[in-house]
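Student: Hi! Could we walk through this model together? I'd like to start with how the chains touch.
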Amino acid sequence: MFDAILENRLLAAILVVIAVPIVLVGYIYLVEFVVGLFRRTTAGRIRPWLWLAPALVFLGVFLVYPTIATVIRSFQNRRGDQFVGLENYQWFFTQNDTLIALRNNVIWVIFLPLLVVGIGLLVAVLVDRVRFEGAAKTVIFLPMAISFVAAGVIWRFMYELDPKIGTLNATLNAVGAEPRAWLVEQPQNNFFLIIVGVWLLTGFAMVILSAGLKGISTELLEAARVDGANEVQVFRRIVLPLLMPTIAVIATTIIIYALKTFDVVYTMTNGNFNTDVIANTMYQMLFNNGQPGRSAAIAVILFVAIVPVMIVNIRRFQEQEAVR
Amino acid sequence: MTQAQAPVAIGAQVETRRRARPRLGGIAVNTVLIILMILWAIPAIGLLVASFRTAAATNASGWWTAFTPPWEFTIENYEYVLGRAGIDQAFINSFVITIPATVLVVMIAAFAAYAFAWMEFPGRNILFVIVVGLLVVPLQVTLIPVLNFFRDFTPAGIKINGTFLAVWLAHTGYGLPFAVYLLRNYFGSLPKEVFESAAIDGAAPGTAFFRLALPMSVPALASLIIFQFLWVWNDLLVALVYLGPVPQNHPLSVVLANLTTSFGGGWQFLTAAAFVSMVVPIIVFLSLQRYFVRGITGGAVKG
Amino acid sequence: MANRTGRWVRLWVLLAVAAIAVAACSSGGESAAPGGESAAPPASAPAGESAAPGGSPAAGGEFNCENIGGEVSVVGSWTGAEQDSFLAMVAPWEECSGATVNYTGSRDLAAQLTTGIASGTLPDVAGLPGPGLMKEWYDQGALKPLSFVDFATYEANTPPGFAAAGKASDGQLLGIFTKAAVKGLIYYNKANWQGGDPATWDELNTTARGAVSGDEKQWCIGVESGAASGWPGTDWVEDIVLRQAGPDVYDAWVAGEQKWTSPEIKAAFETFGDAVANAYGGSNYIVTTNFGKAANPMFADPPGCLLHHQASFITDFFKNEAGAQDGDFDFFVMPDINPEFSGAITTAGDLFGMFNDTPQAQSLINYLLTAEAQQIWVERGGFISMNKNVPADVYPDDTSRRSAEILAGASSAKFDASDLMPNAMNQAFFEAIVAFVQNPGDIDSILSNLDNVQADAYGG
């Protein structure tokens, strides 16, 4: 029986890798064939929906449906058998702990995207002009590939109090300074947690910005240089504007990551020393404290928190299309 | 991108990036990069050194002292990790989970992104922003509703929960918002004239997609593949929850997370496990690096 | 144009080839699969023999293993070396029953089982994160009663109080204990401690404070433990409450009927605070030092501290983290504080319950209760058996043998208080310990905050 499962699994995996692309490509050609049977205007109206359909089905099942369920759940009591109005929200906004978590999330949302996008952009732009591009990118990318548990192990040694084994305190020791309790001293301990996030995520920003950078035509840059622009001007007048859409993608993604940041805090301090974040509270409420209603309310607060970011995105798209 | 653009004779691209550049600030550029590389490498080197030492040694002296005598290196952490029962099976399972989950996301997202970028329909921007907004949905709150759904919804009598199919589908669903976002952004920055002239030449949108949009977006597709592969490869939660208690199906990440005892004893094995697990994503990254080449977009924004 | 398409196609071919390569690899490896799997009898084995559930209902006594075949899935918190020992423990059962154990270790039982209940893909047998969730899952109908276990025999073989702790409010048995930990033990490095076994807390403090000199401190304490940071301090406070205020206060406190701001609990925190004030490294060190490494200064030269309060499992950490050897260290039980409440000890244990009532699950649970099964893990080390019939001489070292003897001989054993509290209370207790170690002066606000949590967590 075990053998049968194993064989089926491999068969299925091969089938998925080979057959799924064929099926999906076939789907698009089928859509085009069917759409071709209609008049031009009708065709233009139904085509986009058929192209979107596979994605919308997946998003509907795995994200939209649970989101609706979560919104409903957030108005219910802990057992989920009674509506309690805004009680769960009231709880969130009246607890000292959750308000501290909220404050910390604001710190994360400001500094994580700033540092990740800033350093990622710096690296992406600079590696373009050195010989060791591959090596530099690999080093910056490496943390992304390290499993989170292992990253937790090493960062605890980085921030270890004992200067014999704590890397940062050993450095302080070497210059004659007193060792610091990096994760305890408030409020800067939040920044030291954010640094772990920056270490992890800069590779992400760098790779995607680098891909965007490669899309900018060399001829355009050369033309500007021939016209006498210096490197800084070329960057500010040409590279940066052309890269702006990609920067916006990264910034939006990292802002959202910062809003629901969880792993770093969960493994490094579990919210002690006033470093809690709301996603950690959400997780505790859901799986440990048997309070799914409160957990859902926190999730809904996250949904609301990104509305401004999304409005900025809509504006940007409208501008992009206006000039296109 | 308002300058006159013309579709370029695709395929006539020449590798141009290694030509001489202005050396302005060359030393400064090198210095900044090398400093950043060192900063980023320090924790990773610390981890690498720890993976070759016993826990007692790592606790007694900093990793930087390991390079001086007495050398106390050991490979017992790696022996332990690679000797775990079922690790070879788990390695295969990781591929079985990751490759289909990556293929599905990239293709489905590309269709949707193309529709968002180059097709006109009412409510397009709003719908797109909702898709991107779904990035904020925490994975944890989706688990119970989705699992309940698949418990009651068994098409043709197939139980989806507890199978590889469930993991493939779940990773696809969770990966789509970012994938659509990234690809739509890249597709949207391709020159309009390319698609207009293709339409004038009588090419159907399907043809324009496969023959123009995809080939011109290889750097974006490559970066998407890198990250989707990486996220699925390192994922622990989705695998555990959707596969259920069937150890024969568990990926490498699950086996490696369980190296320590319930009290956290034996953490030194995690350091070795990190490098064992990292090998494949790094190979994927390095092999897709070569698609990050200037000029693939065919001088898309040529003046 | 062909060039472009070619690039994209090549990318796809690359992925496809990788998948095929993997497939090829694994079908090669398949023949090398462990014999246990292929040796399993056909699935058509009498899984339907529900008339005669697997194994005879002789919990902890004579176990008759019947050949029933099939499979049983198990999820437990035991990982790493513990997972190996568990699999060794069930290997004889797999042999005689012909059934296969599919074990999954989990670092987060609560999340794993909560989602498992939602998905309907539950393990047959599972470790349970605590009595609170156990009862909730039973009320939902997910957890099945263990009515096939011979409760009288099980109770007789187990230290007092444990067997009943696994029962629901309606009297049904839901969880069984196999592995125990004896808490409130005070370990020392034999080379440095000459104080013998002090009879009272005061004697201990007098002797220890007279023995330390220079930078050396009385206690080694470290309460960092990732997501559960603070728990070593909760053990401290629990041991003090039991010895200082007595078992009645302890029970009321567990049940949520004793206020945290009451004089008894506050006094316990203060006694703990006294130990913290006499501990190595200072408060920042204590809150950032992992409990597993906390005793390292005890084995250093010169030693940083003299004594370490911890449960019986800690000896593995002495060896792994500090490089100590069996025989370098020993322990005594935490002495009485108030002579009125003499002789009680605190303990903890891992609960196991059943989600799918199958013959294999029943047989496995009955097997796990036997002394023969538990002896296997005892011999491998790191296991204090709940079953009194496991002979003392099979323990591999002196410290674990003495722990087992203390457990078996205890007149009154109290289960770990924080583990019995609702999860929200437990978590708040952990966090309160961290806050208290940092700022002992904030004790009143910390305790009143715990009172608020108590009011919230015990309610419906």
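Student: How many residues does the contact take from chain A and from chain B?
Tutor: First, keep in mind that this is a predicted model. The contact takes 103 residues from chain A and 106 residues from chain B.

Student: Which helix gives the largest share of the side of chain A that touches chain B?
Tutor: That is helix α2 of chain A, residues 40-73, which supplies 18 residues.

Student: And how do the residues on that side of chain A divide into nonpolar, polar and charged?
Tutor: The side of chain A that touches chain B has 72 nonpolar, 19 polar and 12 charged residues.

Student: OK, what about chain C, how many of its residues are in contact with chain B?
Tutor: Chain C brings 46 residues to that contact, and they meet 39 residues of chain B. The elements of chain C giving two or more residues are α1 (2-30), β1 (71-76), α3 (81-97), β2 (100-105), α4 (109-119) and α13 (315-322).

Student: Which of them gives the largest share?
Tutor: α1(C) does, with 12 residues. By class, the side of chain C that touches chain B comes to 16 nonpolar, 23 polar and seven charged residues.

Student: Let's stay with chain C. What does its secondary structure come to?
Tutor: Chain C has 19 helices and 11 strands. Of its 460 residues, 53% count as buried. Taking contacts in chain C between residues at least 6 apart in sequence, 77% join residues at least 24 apart.

Student: Now sheets. In what order do the four strands of the open sheet in chain C run?
Tutor: The order is β6-β7-β5-β8, and the pairing is mixed. β6 (217-220) and β8 of chain C stand at the edges with a single partner strand each, so one side of each has no neighbour in the sheet. From one strand to the next, the twist averages 30 degrees.

Student: How does β5(C) pair with β7 and β8 of chain C?
Tutor: β5(C) pairs with β7(C), residues 305-310, in the antiparallel sense over four bridges. With β8(C), residues 329-333, β5(C) also pairs in the antiparallel sense, over five bridges.

Student: Why is β5(C) largely enclosed by the rest of the structure?
Tutor: Because five of the five residues of this strand, 185-189, are buried. Here "buried" means that 20 or more other C-beta atoms lie within 10 Å of a residue's own. Both faces are covered: C:Leu185, C:Tyr187 and C:Asn189 are buried on one side, and C:Ile186 and C:Tyr188 on the other.

Student: Switching to helices: how many residues of α14(C) are buried?
Tutor: α14(C), residues 359-368, has 10 of its 10 residues buried.

Student: Last topic, back to chain A: at what angle do α3(A) and α13(A) pack?
Tutor: α3(A), residues 87-94, and α13(A), residues 292-305, pack at about 75 degrees with their axes 9 Å apart. That makes α3(A) roughly perpendicular to α13(A).

Student: Which residues meet there?
Tutor: From α3(A), A:Asn88, A:Tyr89, A:Trp91 and A:Phe92 meet A:Gly293, A:Arg294, A:Ala297, A:Ile298 and A:Ile301 of α13(A). By class, that contact has six nonpolar, two polar and one charged residues.

Technical notes. Residues numbered from 1 in each chain as written. Chains lettered and ligands numbered in written order. Predicted model: local features only at pLDDT ≥ 70, side-chain atom pairs only at ≥ 80, totals over all residues. Contact = placed C-beta atoms within 7 Å. Nonpolar A, V, L, I, M, F, W, Y, C, P; charged D, E, K, R; others polar. Buried ≥ 20, exposed ≤ 12 C-beta atoms within 10 Å, placed from the backbone. Pairing = 2+ DSSP bridges. Axes fitted to C-alpha atoms, helices over the stretch in contact; angles between N-to-C directions. Parallel < 35°, antiparallel > 145°, perpendicular 65-115°, else oblique.
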